[in-house]
Amino acid sequence: VQNLKLRFETEEGTTLDAVLSSYRKTEERAGRAVELRVGDMMSEEHKDLLFRVTMPSCAPTERFAVAKVSVSYYSVPSSAMASTEAVVSVRRVQRGGSAAAPNPLISRQRNRLLAASALENAMRLANQQKFGDARQVLQEAITFITKSATAEDPFCKALEADLRQTLGDMRDRRTYEETGSGFVLTSVVQSHRTQRSTSTCHSAVTPCLSSQAYSTPSQNLHRRASLAVGRVVVPPAEDTDTQRSPPRQRFRLWSRPAAPQLQLH
């Protein structure tokens, strides 16, 4: 799949407050519609995109339409442009009633974005020799993740482990330079932003457990073969996305050989 673009437009009365993504975006209608340029997607890749919205008051309902989502892309197998669309709906409950449990899929992605932001900010501060401030940023992110609804999720545990590893690497200037954290973190942050595995994240010297979760089945198969001949010493990532939950305000893009699929969560 090439040149994938996603358009998110809220329904009347609902306001788009923020787009929690680093992809290039174009605001088409202030507070209502935005287009994201996701770019190319490899087979078996997926992207999780989150949006923050404010919905109007309404009577309790099982399906409240929040936004329309449309995706356009160039299909390499068919050598033609293609598109798909869906409506994002949520369940609205009476004020004061029992609130729904946090959606684990959304919680995981919030933790991913938080970790990426913390690592990026900590790297910037460390490059300015502000190691105390850098460690504080990392510690705050660790605290948030450990208190989140998905604190025990394997992927979030890996995020926490990587943050703690970076915390140790930023004890002082000497440790930071000897471990090469600056180079590694640049790759890790990009990996988390784009949900794409990189060779740096599978390095035998500086493995990044959380980023390995983005490996596709084909990549894992290749690494298993490489492991057999001794070229890779880090085990392949386990599939941490095994749980599903009822529809919510998050959607996922799956790219397969034929065409990407838009899933609502």
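**Entry 1: the sheet**

In what order do the five strands of the open sheet stand? I looked this up and found the order β3-β4-β1-β6-β7, with antiparallel pairing. I note that the model is predicted, that local features need pLDDT of at least 70 and side-chain atom pairs count only at pLDDT 80 or more, while totals for chains, interfaces and linings use all residues. Residues are numbered from 1 along each chain as its sequence is written, and side-chain values use heavy atoms, with hydrogens and water left out.

I took strands (E, at least two residues) and helices (H or I, at least four residues) as DSSP runs, numbered from the N terminus. Two strands pair if DSSP finds at least two bridges between them.

The edge strands are β3 (24-29) and β7 (80-92), and each pairs on one side only. Neighbouring strands of this sheet are turned by 20° against each other on average, direction ignored; the angle is taken between axes, which are lines fitted to C-alpha atoms, and angles run from 0 to 180 degrees between N-to-C directions.

**Entry 2: strands β6 and β7**

I followed the antiparallel pair of β6 (residues 61-75) and β7, which twelve bridges join. K68 has V87 in β7 as its bridge partner, and A65 stands opposite S89 in β7. Four residues lie between the strands of this hairpin, and there S79 takes a positive phi near 55°.

**Entry 3: E35**

I located E35 in strand β4 (residues 33-39). Is E35 buried or exposed? I found that E35 is buried yet has no salt bridge. Buried means under 20% relative accessible area, exposed over 50%, and partly exposed in between (1.4 Å probe, protein chains only). A salt bridge is a side-chain nitrogen of Lys or Arg within 4 Å of a carboxyl oxygen of Asp or Glu. The nearest side chain of opposite charge to E35 is R37, 4.3 Å away; here Lys and Arg count as positive and Asp and Glu as negative, and His and the chain ends are not counted. Leaving out residues up to four places away in sequence, E35 touches K5, L6, R7, R24, K25, T26 and E28. Contact means heavy atoms within 4.5 Å.

**Entry 4: salt bridges**

Side chains of opposite charge can pair when their charged atoms come close. How many salt bridges does a search of the whole structure find? I recorded 13.

I examined R108 and D153, whose side chains meet at 3.1 Å, N to O. This pair links distant parts of the chain, with R108 in helix α1 (residues 104-127) and D153 in the loop between α2 (131-146) and α3, 45 residues apart. Both R108 and D153 are buried.

I next examined R193 and E120, which form a salt bridge at 2.7 Å, N to O. R193 lies in helix α5 (residues 181-194) and E120 in helix α1, 73 residues apart. E120 counts as partly exposed because its relative accessible area is 35%.

In the salt bridge of R173 and E177, the closest N and O atoms are 3.0 Å apart. Both residues lie in helix α4 (residues 173-179), four residues apart, about one turn of the helix. I also noted one network, in which salt bridges that share partners join R7, E9, E28 and R29.

**Entry 5: L167**

I found L167 in helix α3 (residues 154-169). Why does L167 count as buried? L167 counts as buried because its relative accessibility is 11%. Not counting residues up to four places away in sequence, L167 touches R135, L138, Q139 and I142.
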